[in-house]
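Trainee: Could you take me through one part of this model in close detail? I'd like to look at the pocket and the strands around there.

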Amino acid sequence: MENKKRNTPKIIFSLAALIIVIAALLCVYRFTKKDTSQGSKNITVEVVHRDASTKTFEYDTDREYLGEVLADEALVAGEEGAYGLFITTVDGETADDANKEWWRITKDGEQLNTSADQTPIADGEKYELTLTVGY
């Protein structure tokens, strides 16, 4: 009985610490999350194919994320994953996994660290989808 009384404060302290950590992580997520731009916007998407040919698409949209626009316009296809759509096909060309091909997303030539579904868009931005070989 005495042993249970000594463990009770430790359990309460541990639960309180866990709640504080969860709250801190939620705050960090909320303050570091990229803002979306509401309203009408125009974006450009350039597709670089396997043979290095390029094709440019321009979209006027009210959507807030790149993945939504690409899916609405049927420019891409793929598989749903933990981070949203894993793009396997762009403009009718499918990446060959056996050859370690994949579609890289860049914004104004800079590599993005988010999936298309997690990439907020703003008016005037330019994105590139490039068929890339090698992981």
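Mentor: Let's start with a term: on a 1 Å grid over the protein atoms alone, a pocket is an open set of points where a 1.4 Å probe fits, with protein on both sides within 12 Å along at least five of seven lines, and lining residues have an atom within 4 Å of a point. Its volume is the space filled by probe spheres set on the points. The model is predicted, so local features need pLDDT of at least 70, and side-chain atom pairs count only at 80 or more, while totals for linings use all residues. Residues are numbered from 1 along each chain, and side-chain values use heavy atoms, without hydrogens and water.

Now, the largest pocket has a volume of about 280 Å³. Its lining has 16 residues, and Phe86, Trp103, Ile105, Thr114 and Ser115 lie nearest the centre. Strand 4 (84-90) and strand 6 (101-107) each give two or more residues to that lining; strands here are DSSP E runs of at least two residues.

Follow strand 4. Strand 3 and strand 4 share six bridges, with Gly78 opposite Ile87, and a hairpin of two residues links them. Strand 4 and strand 5 have two bridges, with Val90 opposite Glu93. In their turn, Asp91 has a positive phi of about 50°.

Conventions
Helix = DSSP H or I, 4+ residues; strand = E, 2+ residues; numbered from the N terminus. Pairing = 2+ DSSP bridges.
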